[in-house]
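Biologist: Hi! Could you walk me through this one while I have it open on my screen?
Modeller: Happy to, let's have a look together.

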Amino acid sequence: MVHEGEPLWRRSSACGNETECVEIAVRAGYVLARDSKTPVIAVLHFTAVTWAGFLRALSQGELQGS
């Protein structure tokens, strides 16, 4: 869901009660990502196309270390 006000940060349900998770928020045309441990230090901005490519590569195992 795209939100135009303050970012609505979400984290994966797989994180459970963990405090060390990546959080994302969706803005018009962008996906924001941050570290839940230090949410105000750095927020990364990705275009929707770049984020979709990242998720595709991740799901296909293309980002695993060798």
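Biologist: What pattern does the chain follow, read along the sequence?
Modeller: Read along the sequence, it goes β-β-β-β-α. That comes to one helix and four strands, where helices (H or I, at least four residues) and strands (E, at least two) are DSSP runs, numbered from the N terminus. Keep in mind that this is a predicted model: local features need pLDDT of at least 70 and side-chain atom pairs count only at pLDDT 80 or more, while totals for chains, interfaces and linings use all residues. Residues are numbered from 1 along each chain as its sequence is written, and side-chain values use heavy atoms, with hydrogens and water left out.

Biologist: Thanks! In which sense do β1 and β2 pair?
Modeller: Strand β1 (residues 10–11) and strand β2 (residues 22–27) are antiparallel, with two bridges. Pairing here requires that DSSP finds at least two bridges between the strands. As an example, R10 has I24 in β2 as its bridge partner.

Biologist: And how many bridges for β2 and β3?
Modeller: Six, again in the antiparallel sense, with β3 covering residues 30–35. V26 is bridged to V31 in β3. The hairpin of β2 and β3 has two residues between the strands, and G29 there takes a positive phi near 80 degrees.

Biologist: Switching to the surface, which residues form the nonpolar patch?
Modeller: F54, L55, L58 and L63, with about 360 Å² of accessible area together. Accessible areas come from the Shrake-Rupley method with a 1.4 Å probe, and for residues only the protein chains shown count as cover. Patch members have over 30% relative accessible area and no salt bridge; nonpolar side chains (Val, Leu, Ile, Met, Phe, Trp, Tyr) are joined within 5 Å, like charges within 9 Å. A salt bridge means a side-chain nitrogen of Lys or Arg within 4 Å of a carboxyl oxygen of Asp or Glu.

Biologist: Where does L55 sit?
Modeller: In helix α1, residues 48–59. L55 is partly exposed, at 40% relative accessible area; buried is under 20%, exposed over 50%, partly exposed in between (1.4 Å probe, protein chains only).

Biologist: Is G65 buried or exposed?
Modeller: Exposed, with a relative accessible area of 74%. G65 belongs to the segment after α1, and its C-alpha is separated by 27 Å from that of R10, 55 residues away along the chain.

Biologist: What share of the chain is buried?
Modeller: Buried residues make up 18% of the 66 residues. The accessible surface of the chain comes to about 5,000 Å², with 58% belonging to carbon and sulfur atoms.
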